[in-house]
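Dear colleague,

Please find below the structure that I am handing over to you. My notes on it follow.

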Amino acid sequence: MGSRGRPDRFAKVREHMLEWDLKGRGITDPDVLRVMEEVRREEFVPGQYRLQAYSDGPLPIGLAQTISQPYIVALMTEELRLNPDCEVLEIGTGSGYQTAILCKLVKKVYTIERFAELSESAQAVLNRLGINNVEFYVGDGSCGWPEQKTFDRILITAAVPRMPEPLVEQLIDGGLIIAPIGPAGVQELVVREKKKGKITGRLICDCRFVKLLGKYGFSE
Ligand code: SAM
């Protein structure tokens with residue numbers, strides 16, 4: 001059964017996503033798998049794509065933007081090595097799907113989106129789902145959170161030509177930042193760690209993201 005006692009018409013395709021697209025590709029963190037099962041992706045996609053909500057790829061959400069592929073959402077979440085005390089900064093709210101996944105695993109999420117329309121519809125969905133450990137901001141996320149604040153983890157969900165310096169500055173010592181870095185088209189998904197002021201990191205995989213437009217992203 002789904003919410004409010006209605007039959008869950010997505011149960012089978014969700015199960016397929018978990019088994020084949022996530023576990024089948026090496027996602028093993030039980031907390032990540034649990035929240036990927038718990039958060040209903042169909043709530044975050046526009047009506048005309050609802051039946052494709054568990055397809056193995058990104059889907060349009062309007063304004064030439066996309067909700068990310070479920071596998072990429074799970075992979076980035078696993079690579080963030082979250083714990084319940086974490087405060088996370090997310091750049092690129094989009095549909096709010098990744099935001100909701102993060103909210104289920106950490107103390108608080110701060111999320112920035114360039115388009116007010118997307119931010120507002122993401123807020124409406126998270127509200128409806130009763131998720132409230134989150135703050136939304138509309139603006140250029142490449143410049144970081146507008147108030148002086150540091151974060152345990154930072155996730156950039158759009159392609160950047162290089163790591164935005166203001167975001168590295170807002171990362172705590174010992175924190176992790178994940179970003180797709182590279183030109184429009186194909187990028188490298190990287191994780192970087194800040195330790196005693198030094199940045200080390202590694203490549204996770206190649207990926208394709210829409211561009212982050214902004215002062216420390218791509219120019220418009
Ligand atoms: N994680 C999202 C989801 O699950 O729906 C998908 C994010 S989508 C791939 C990238 C988002 O980054 C888009 O919504 C886009 O508008 C946003 N974006 C682009 N440039 C930005 C900027 N400078 N600041 C904040 N958001 C930006």
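Which contact joins the side chains of Thr93 and Thr111? The two side chains are joined by a polar contact of 2.8 Å. Please bear in mind that this is a predicted model.

Thr93 is placed in the loop between β3 (87-91) and α4 (97-103). With a relative accessible area of 3%, Thr93 counts as buried, because the cut-off for that word is under 20%. Leaving aside residues up to four places away in sequence, Thr93 touches Thr99, Thr111, Ile112, Glu113, Ala122 and Phe136.

The second topic is the aromatic rings. A pair of such rings is described by the distance of the centres and the angle of the planes. There are five aromatic pairs in the model. One of them is formed by Tyr110 and Phe151, with 5.3 Å from centre to centre and 65° between the planes, which makes the pair edge-to-face. This pair links distant parts of the chain: Tyr110 belongs to strand β4 (residues 108-113) and Phe151 to strand β6 (residues 151-156), 41 residues apart. Both partners are buried: the relative accessible area is 7% for Tyr110 and 0% for Phe151. Ring pairs also link Tyr110 and Phe151 with Tyr137 and Trp145 into a cluster.

Finally, two lysines deserve a mention. Lys149 lies over the face of Phe151, at 5.5 Å from the ring centre. Lys211 lies over the face of Phe218, at 5.4 Å from the ring centre.

Yours sincerely,
A colleague

Notes: Residues are numbered from 1 along each chain as its sequence is written. This is a predicted model: local features need pLDDT of at least 70, side-chain atom pairs count only at pLDDT 80 or more; totals for chains, interfaces and linings use all residues. Side-chain values use heavy atoms; hydrogens and water are left out. Rings of Phe, Tyr and Trp (its six-membered ring) pair if their centres lie within 6.5 Å; planes under 30 degrees apart count as stacked, over 60 as edge-to-face and the rest as tilted. Helices (H or I, at least four residues) and strands (E, at least two) are DSSP runs, numbered from the N terminus. Buried means under 20% relative accessible area, exposed over 50%, partly exposed in between (1.4 Å probe, protein chains only). A charge sits over a ring if NZ of Lys or CZ of Arg is within 6 Å of the ring centre and within 35 degrees of the ring normal. A polar contact is a pair of N or O atoms within 3.5 Å; within protein, one must be able to donate a hydrogen and the other to accept it, and residues adjacent in sequence count only if both atoms are side-chain atoms. Contact means heavy atoms within 4.5 Å.
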